[in-house]
Amino acid sequence: MSETIQAEERIDTAAPTAGRTVPLSRGLSTKLLLLTIVFVLLAEVLIFLPWIASYRLNWLKERLSTAAAVSIVLVQGESTSLSRTAQNDVLMAIGAKAIAVRDGGVSRLLVVAEMPPQVDEHVDIASIGMIKGMTGALDTLFFGGHRMLRVFGPVGDSDKEFELIMPDNSLRNAMLRYSRNVAFVSLLISLFTAMLVYAAIDLIMIGPIRTMTRSMLSFSEAPDDPGRIIHPAARADEIGVAERELSQMQERLQKMLSEQKHLADLGLAVSKINHDMRNILASAQLMSDRLRQVKDPTVQAFAPKLLRALDRAVSYSEGVLHYGRTQEPPPSRRRLRLRQLVEDVHGLLDIEQGIEFVNAIEPGFEVDADSEQLFRVLTNLCRNSVQAMASDNESALVRRLAVSAVRLGSVSRIVVTDTGPGLPPKARENLFAAFRGSARSGGTGLGLAIAHELIRAHGGTVELVESIGGRTTFAVTIPDQPVRLDQARNGLRRPA
């Protein structure tokens, strides 16, 4: 056994620590940094749409304004006075194919290099709104470059309307350069913003969370070390509340582990004492049996009391060890004839002369329970009743223990009633608490605690119905096992 324990300890010691530390790529800091960059870029994208629309509109207005200045000069003079070379230079400077002016409903072509066969898009500067401007900008950015535009509209306070015929490749190239610059600046803004947000949140949140994580990992390695308990900071926000709650939880857990260690040491000591106590009590029982053979009346009077004292000592030791088990096994439930089980309990009880036992259960009454566990429950309840009535020495008192049962639908209710002196107030307050719910001096209170645990495993209850002078009643309620729907269907399908 020791070799097995040592091997398990070596395995635990050699267990990898993977999972207790978080890699940088999956840490909260990295996630926060990446999310901040993504969110800022998304915000920049939303801002970019009106920016690019405004850039396109301003670019077209600048070209139209330049054309308007040239047109005014030409209108005041003779357009034919310009040579072909000069006209081409003017158009090349603007990036247009033709310039025209509309005055009083009459359109006049001022300068032309070559008239395109068709115009793909008409752009009215005066009627471009926000939505129309953004859709037009996106259309030019993604699908332009090979279109011919007719750009027209008033310029300044002039009552004339000026027109330009121009390709959109220069416009698209300018928009691409602008977009590239905006993307570069947006990326820089995102990185800068992310670093600022990261530094602020790391100082306010991530750092304290990292400290709490390290404290939990350190505390789990040595929960009995008071130095592993986190020291909360004097903060009034949620982090401060979490640190204080974690510190209090670690203190409570450390105290609980210390108490459990003391209880474990106590249980080990009790088991060692019980091992030697059995030998001592066995020897005492052998000697007490020989005392019965002595004819001395005084010895004959004290021998039964000595035997009962030894039996109580044995029962006390066994009860303490039995309660110290980690957990009762789950009940193995079957249909039982309750009257026969109560008769077995009656045969086990050491009932003194003058105490009447009444088995008031119908012969055909059945209960769905674990026979061994229900036997222990009824034995504990009946033994408590017998011991309570045995303390009454007055011969005129009625000393009766009765066990009855009734079925309410699918629930069996077993009632144990005695005519003893009743439970004292202290016992009623700690009825099912081990070592505190005893009704007699020297008792442990384990009987009711064990009975409560066993019946609760059946899905039932043990309750004190009544406890007054001359009448104490306990009721044990056990529901039948619920029938699963698939089992019920299978049962209905079976042939009769």
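Reader: What makes the sheet of 5 strands an open one, and what is the strand order?

Author: In this predicted model, the order is S2-S1-S5-S4-S3, with mixed pairing. Strand S2 (106–112) and strand S3 (121–124) stand at the edges, each with a single partner strand, so one side of each has no neighbour in the sheet. On average, neighbouring strands of the sheet are turned by 20° against each other, direction ignored.

Reader: How do you know that S1 and S2 pair, and in which sense?

Author: Two strands pair if DSSP finds at least two bridges between them. Strand S1 (residues 98–103) and S2 have 6 bridges, in the antiparallel sense, so they count as a pair. Within these strands, Asp103 stands opposite Val106 in S2.

Reader: Why is the set of 36 residues called a nonpolar core?

Author: The name applies because such a set holds buried residues of the nonpolar kinds, joined through side-chain atoms within 4.5 Å. Among those with the most contacts inside this core are Leu338, Leu374, Cys382 and Val476. Elements that each supply at least two residues include helix H8 (338–348), strand S9 (400–408) and helix H11 (446–457). Helix H9 (371–390) is another such element, and H9 gives the most, with 8 residues.

Reader: What does Leu338 touch, leaving out residues up to four places away in sequence?

Author: Leu338 touches Ile361, Phe365, Val367, Leu374, Leu378, Ala405 and Ile414. Contact here means heavy atoms within 4.5 Å.

Reader: Which residues does the second core include?

Author: Leu64, Val101, Val111 and Leu164 are included in that core, which is separate and has 32 residues.

Methods:
Residues numbered from 1 in each chain as written. Predicted model: local features only at pLDDT ≥ 70, side-chain atom pairs only at ≥ 80, totals over all residues. Heavy atoms only, no water. Buried < 20%, exposed > 50% of the residue type's maximum accessible area, 1.4 Å probe, protein only. Helix = DSSP H or I, 4+ residues; strand = E, 2+ residues; numbered from the N terminus. Axes fitted to C-alpha atoms, helices over the stretch in contact; angles between N-to-C directions.
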